[in-house]
Amino acid sequence: MNAKQAAGYRAAEWVKDGMTVGLGTGSTAYYAIERIGQRVAEGLRIRAIATSNASEELALKYHIPIIQAAEVDRLDLAIDGADEVDPQMALIKGGGGALLREKLVAKASDRFIVIADSNKVVPHLGAFKLPIELVPFCYEWTLKGLKDRYNVPFEMRQRDGGLYVTDNGNYIADASFGQINDPGRLSDELKATTGVVEHGLFVGIAHTVVIGHEDGSTDVKETTDV
Ligand code: 5RP
């Protein structure tokens, strides 16, 4: 068992009969979905909502029942990966481009469980490029405004020779902030920027962090407010 699998499988233990569950996106969330799928095959009854088209496809492959948002007000828990995790359990997410749906699902969950291998644990956020999701309309102006304000490199994410398009039809700019000293303040500033749909800073959202190690062991850290 590798570190990502260890974290994903451990987090899947939080899922109980009758729960509504948010399913994350990425190579670590893959293992959580796989393990939940195995438990569904063994008789676990849950309903789930996925944070990306790819994760929904994976869930359906495992016969995990998928619901629409209109069917529930909140979720019992969500399990998702992260690109960086700091000591306060603040995160950078969105390396896989699913940050908007991931944040919607995480914030609607009574418990948000972050799963990551130990390489994702950092003393300060910011070495990983911060994904910022932009509305396509006039995105050049939004990008210029961000560059002027922060004076750090921004790159429009590319795919197949064109701009990367999210599941929500938006673009992503990846910003090289370097060490982010006040993630909460940056989060608020970006959120207040016209043309920015969402960004990958998740501050004060995670309730539980499960770190997986290469020997298959895991560490669990919790906030007190679950
Ligand atoms: C996708 C994400 C992922 O959770 C994040 O990129 C981590 O991915 P992985 O588990 O593959 O390292 O935020 O938008």
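Trainee: Which hand is the crossing where α5 passes α6, left or right?
Mentor: Right-handed. Keep in mind that this is a predicted model.

Trainee: OK. At what angle do α5 and α6 pack?
Mentor: About 150 degrees, with the axes 12 Å apart. Helix α5 covers residues 139–150, and helix α6 covers residues 183–191.

Trainee: Which residues make that contact?
Mentor: From α5, L146, R149 and Y150. From α6, L186, E189 and L190.

Trainee: And how do the residues of the α5 contact with α6 divide by class?
Mentor: There are 4 nonpolar and 2 charged residues, with no polar ones.

Trainee: Let's switch to the other pair. How do α1 and α2 cross?
Mentor: At roughly 45 degrees, and their axes come within 7 Å. Here α1 is residues 3–12 and α2 is residues 27–41. That angle makes α1 oblique to α2.

Trainee: What about the handedness of the α1 and α2 crossing?
Mentor: That crossing is right-handed.

Trainee: Which residues of α1 meet α2?
Mentor: K4, Q5, A7, G8, Y9 and A12. On the α2 side they meet S27, T28, Y31, A32, E34, R35, I36, Q38 and R39.

Trainee: How does the contact of α1 with α2 split by class?
Mentor: It has 6 nonpolar, 5 polar and 4 charged residues.

Trainee: New topic. What volume does the largest pocket have?
Mentor: About 220 Å³.

Trainee: Which residues line the largest pocket?
Mentor: I49, A50, A69, V72, D73, R74, L75, R101, L104, V105 and A108.

Trainee: Which elements give two or more residues to that lining?
Mentor: Strand β2, residues 47–50, and helix α4, residues 99–107.

Trainee: Where does the largest share of the lining come from?
Mentor: From α4, with 3 residues.

Trainee: And what classes does the lining of the largest pocket have?
Mentor: It has 8 nonpolar and 3 charged residues, and no polar ones. D73, R74 and R101 are the charged ones.

Definitions and conventions. Residues are numbered from 1 along each chain as its sequence is written. This is a predicted model: local features need pLDDT of at least 70, side-chain atom pairs count only at pLDDT 80 or more; totals for chains, interfaces and linings use all residues. Side-chain values use heavy atoms; hydrogens and water are left out. Axes are lines fitted to C-alpha atoms, for helices over the stretch in contact, and angles run from 0 to 180 degrees between N-to-C directions. Helices (H or I, at least four residues) and strands (E, at least two) are DSSP runs, numbered from the N terminus. Angles under 35 degrees count as roughly parallel, over 145 as roughly antiparallel, 65 to 115 as roughly perpendicular and the rest as oblique. A crossing is left-handed if the near helix is turned anticlockwise from the far one by less than a right angle, and right-handed if clockwise. Contact means heavy atoms within 4.5 Å. On a 1 Å grid over the protein atoms alone, a cavity is a set of points where a 1.4 Å probe fits but cannot get out, and a pocket is an open set with protein on both sides within 12 Å along at least five of seven lines; lining residues have an atom within 4 Å of a point. Grid points are joined across faces, edges and corners, and a volume is the space filled by probe spheres set on the points.
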